[in-house]
Amino acid sequence: MRRSGVLMPVSSLPSRFGIGGFSKEAYDFVDFLAASGQSLWQILPLGPTGYGDSPYQSFSTFAGSPYYISLDALIEEGLLTEEECSSVDFGNDTKRVDYEKIYHTRFDLLRKAFERANTGDDADYNAFVAENQQWLKDYAMYMAVKDSLGGVSWIEWSEDIRLRKPKAMKKYEKELADDIAFYSYQQYLFSKHWMALKEYANKKGIQIVGDIPIYVAFDSADTWANPELFQLDKKNVPTAVAGCPPDAFSATGQLWGNPLYKWDYHEETGFAWWMRRLAHCFSIYDIVRIDHFRGFDEYWAVPYGDETAENGEWKPGPGYKLFEVMKKTLGNCAVIAEDLGFLTPSVLKLVKKTGYPGMKILQFAFDASGESDYLPHNYTNNCVVYTGTHDNDTVNGWITTMSRKDLAFTKKYLNVKRTTELCETLIRTALGSVADTAIIPMQDYLGLGGEARINTPSTLGGNWEWRMERGACTEALSKHMLELTQIYGRIVPKSSRKKTK
């Protein structure tokens, strides 16, 4: 089945509250996608972010970002007033998220809503807490303790609470009971507002493509509460961390710093934690893109304390065993394998064995050699094609950085004379390819330049900030997208659209 969609982070939606969220503008965007003939909305991970604001470094793999909670909905419910929300300084730049201002204002508003909510008598809230106790209790406590200790990572906490000694756990649980309840309430609101938006999207024929980072952040409730899952020593200090080896893009490699999994332990437990994690993802998304898929085949282990990734070594991952258990436990779930980067024969074999579609990025296709696997004539049906991802520049930004030889080859391949035509032509090339699924970043449909780039890997600051201007999703653009979707046979018949509860 041929289909198409748009890559658009929730944080990038227009909003009067400084950052995109689950308010009216998100529903408007769903309406725009539906009117434009799209059947997929791909987003970035929804977890609560910390230092650097990266959605790939979250305080919890199960929790959702409180920044996305709909303040409009809280006003409608009488938990906040219009004046309380409109009087807050969320930042004045409609094109950028000011994370510092959001951090210093959002929690004060949510606290007011929490204090006014009668959670004790709220059956839905109490049911949510009971159903999610397995991860929610640890997450809420982690955040409450972290706040009480000035926000430092758990590795800097005193040993009694860092190692979760029973006496310390009871002490903090008692002292911080109100703060713990506040963090639980945030997650209830997040879930309530997100699931309402997802249900609306599904009814409009839009499936949500979620994103799951392969690794969890070191500074997270996951690592603190489940040290047995990771390569840590007796003091819960990492012995090795995740990264990527040196390559043409980085002479010293990429040092991510995430804790590495203790894969033999995971296998002994039947990958129980992974099954819980994946089951949670499939409860909040329709399709899941698994980031850094090659890490299941082999992963780059860097000695803890190294300042670069140069001294790492390849270690074997769980391979197909994890996915075999997943298929038996969760059924035949819809997955996209992020299989980008240098792919060894064993990685290619793993992706093929799972049957999951891999990713094809048009920006990776056009080097003057003409030998790239990402060139459209090399595609099979079972893949997902993109003009670029959140880690790429926009097409118009990318064009300005191309060498003369690569640009000349690109124009020749696409039969384009003017550079200004390349963005539209690449969109058409993706939609016209044999790939079953084509997903285009919203910035490329809008024809934006490098100023609208989401993320530049291995850099800190200035990332994850882009916001779409209010009014950008015009009727003319919608009609154009619909026409392209019809021309290239990517309209999904209503009878084929998944009905999600």
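Guide: Two strands are said to pair if DSSP finds at least two bridges between them. The model shown is predicted. With that in mind, take strand S12, residues 437–441.

Strand S1, residues 3–7, pairs with S12 in the parallel sense, over five bridges. One of the residues involved is Arg-3, whose bridge partner in S12 is Thr-437. S12 is also joined to strand S11, residues 383–386, and here three bridges link strands that run parallel. Tyr-386 has Ile-439 as its bridge partner in S12.

Next come the side chains. In a regular strand they alternate between the two faces of the sheet. In S12, Thr-437, Ile-439 and Pro-441 point one way, while Ala-438 and Ile-440 point the other way. Residues on both sides are buried, where buried means under 20% relative accessible area. Because five of the five residues of S12 are buried, the strand is largely enclosed by the rest of the structure.

The spaces inside the protein come next. A search of the whole structure finds four cavities of 30 Å³ or more. The largest cavity has a volume of about 230 Å³. Its lining consists of 25 residues, and Pro-45, Gly-47, Ser-60, Thr-61 and Pro-213 are the ones nearest its centre. Strand S3 (207–212) and helix H12 (272–284) each supply at least two residues of this lining, and H12 gives the most, with four. By class, the lining of the largest cavity has 15 nonpolar, seven polar and three charged residues.

The second largest cavity holds about 120 Å³ of space. Of the 16 residues that line it, Ser-11, Pro-45, Pro-55, Tyr-68 and Tyr-99 lie nearest its centre. Its lining divides into eleven nonpolar residues, four polar and one charged.

H9 provides the largest share, six residues. The lining of this pocket divides into twelve nonpolar, nine polar and six charged residues.

Note on methods:
Residues numbered from 1 in each chain as written. Predicted model: local features only at pLDDT ≥ 70, side-chain atom pairs only at ≥ 80, totals over all residues. Heavy atoms only, no water. 1 Å grid on protein atoms, 1.4 Å probe; cavity = no way out; pocket = protein on both sides within 12 Å on 5 of 7 lines; lining within 4 Å. Points joined across faces, edges and corners; volume = space filled by probe spheres on them. Nonpolar A, V, L, I, M, F, W, Y, C, P; charged D, E, K, R; others polar. Buried < 20%, exposed > 50% of the residue type's maximum accessible area, 1.4 Å probe, protein only.
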